[in-house]
Amino acid sequence: MTWRLWPRGLRPRLLVAFVLVTLLGAAAAAWSSARSASAALVTVTQEGLTDTIADQVSAITPQLTYPPDQETLDRLRAAVGPDALVTYRALRSAAGAHTGLVTDALRGAVRNENRIVVQRITAHDRPWLLIGTPVTITALDGERTPSGIEVYAVRDLTGVQRQIDDLTRAAVGTAALALPLAVLLAVLAAGSVLRPVRRLRDTARRLAAGDLDARSPPRGADELADLTVTINQMAESVQSSMAAMQRMEADARRFAADASHELRTPLSTLTAVVEVLATTADGMEPDARESAQLAITEVHRMVRLVEDLLEVSRFDAGTVRLVAEEVDLAGAVWDCLRARGWAERVELVVRHDIRLRLDRRRLDVIVANLVGNALRHGEPPVLVHVSADRHQVWIVVTDHGPGLAEDVLPQVFDRFYKHDSARTRTPGSGLGLAIALESARLHGGDLTAGNAPGAGARFVLRLPRTLEDECDEPG
């Protein structure tokens, strides 16, 4: 399981970012001030203790005898105070339990540099200040010379450390007090940034839902206002383009419908002529008979194309209505096969009696298209399988041809699509499967294409048992 440490939403991220920046700034300022105050406190304390030791040594120095004896060293050590160590060559005077903290490094520095030297150490979990100073003698000519006496003092800095800890806690408390203010500022800042973003989001959603009149009024003169203006311009451009496309599409549909409608009358005349021609074609010369048969085929093909174009235009215009009636499904499919002379070429399998309400004419169109394609482009045997459950029925048409190629499947229901460019003169118009799909959806069902395992192409028509679409009763 992957844990996301950074929030996903823009608002939480802005809040977290603002709060973190404010807290880090407050913490950095508090830490810097506490550090400066602590350093100043330590420095003042150190300088005060050093000056005190120097004054004590300077006050007692004129009263000492040189070279010093043990009593002289004791007097000097007593003047310095507790936790003091005074040495002169092999002589030593010490008092206090912490004189052992004086380090060899401090002694070497005092001896070599001949000046006051301080050192801070930590021992026994407590901070200490070590002060070492040489004792000098002032000659009659005023020149100061080392006497060889060294004075060391040990001072406890626990009190100073306590004050430093108090300063640190105060700094942490100050940074913590900034948290509510940081949250408030973050909420206000995030709101000012996200409010126009939410307006843009709502506008984009309305545009995506089809409301091309949606706009966001730009406010201010920042980058978000520029983005709002750009989105409004984009919406206007899309609206103009969509309006132009709809006009063109409507014109194209109206042209196809009008042209198809106008062609029906002359085509009806041509149909009557070719029927007469068909009755006399057998008595013609071979060349004339072949031309007559070609003309008959092309006229029938043109009639079918015009009828399909009219049907497509009705679908596009939304004027198609179902004429529903109670239908014996197996009988309707059998009638479709028998009417076209396919009863001997197609195997019909029906599990049990199935009755449902549907548009019988449109069912005939669907089955005729599916079976006709299987017979023209597939190989026998062609199987039509009808089955049902409580909620829906299925009509499956399967052939045993080469099947549908993978690149054909996504386009098989497209209008005027023929996957074999060599069959441009086939009787089909390229609209049959598109009309079959629209008819299935008009019933609240669906039509899908695929390949059957061990067979060829397979088309599956699914229809609901209960017809809920708007329909007209048969007259």
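In which helix does Thr 50 lie? In this predicted model, Thr 50 belongs to helix H1, which spans residues 10-60. Is Thr 50 buried or exposed? Thr 50 counts as buried because its relative accessibility is 13%, and buried means under 20% relative accessible area. When neighbours within four places in sequence are set aside, Thr 50 is in contact with Ile 116, Val 118 and Ile 131.

**The largest nonpolar core**

The largest nonpolar core has 39 residues, of which Leu 329, Leu 363, Val 371 and Ile 395 touch the most other members. At least two residues of this core are supplied by each of helix H7 (329-339), strand S8 (355-359), helix H8 (360-377), strand S9 (382-388), S10, H9 and S12. Helix H8 provides the largest share, eight residues. In soluble globular proteins, nonpolar side chains tend to be buried together.

Val 371 touches Leu 337, Trp 342, Val 346, Val 384 and Val 397, with residues up to four places away in sequence not counted.

**Strands S10, S11 and S12**

Strand S12 (residues 457-464) pairs with strand S10 (residues 392-398) in the antiparallel sense, over seven bridges. Strand S11 (residues 446-451) is also paired with S12 in the antiparallel sense, here over six bridges. Phe 459 of S12 stands opposite Val 397, and Phe 459 is likewise the bridge partner of Ala 449.

S11 and S12 form a hairpin, with five residues between the two strands. Within the turn, Gly 454 has a positive phi of about 75°.

**Helix H9**

Helix H9 (residues 432-442) is mostly covered, with nine of its 11 residues buried. The buried residues are Gly 432, Leu 433, Ala 434, Ile 435, Ala 436, Leu 437, Ser 439, Ala 440 and Leu 442. After H9 comes Gly 444, which has a positive phi near 85°.

**A nonpolar surface patch**

Which residues make the nonpolar surface patch of about 400 Å²? The patch is made by Leu 181, Leu 184, Leu 185 and Leu 188. Leu 181 is placed in helix H4, which covers residues 158-208. An α-helix has 3.6 residues a turn, so residues three or four places apart point the same way.

How values were computed. Residues numbered from 1 in each chain as written. Predicted model: local features only at pLDDT ≥ 70, side-chain atom pairs only at ≥ 80, totals over all residues. Heavy atoms only, no water. Patch = residues over 30% accessible without salt bridge, like charges linked within 9 Å, V, L, I, M, F, W, Y side chains within 5 Å. Areas by Shrake-Rupley, 256 points an atom, 1.4 Å probe, with all protein chains shown as cover. Salt bridge = Lys/Arg side-chain N within 4 Å of Asp/Glu carboxyl O. Helix = DSSP H or I, 4+ residues; strand = E, 2+ residues; numbered from the N terminus. Buried < 20%, exposed > 50% of the residue type's maximum accessible area, 1.4 Å probe, protein only. Pairing = 2+ DSSP bridges. Core = buried A, V, L, I, M, F, W, Y, C linked by side-chain atoms within 4.5 Å. Contact = heavy atoms within 4.5 Å.
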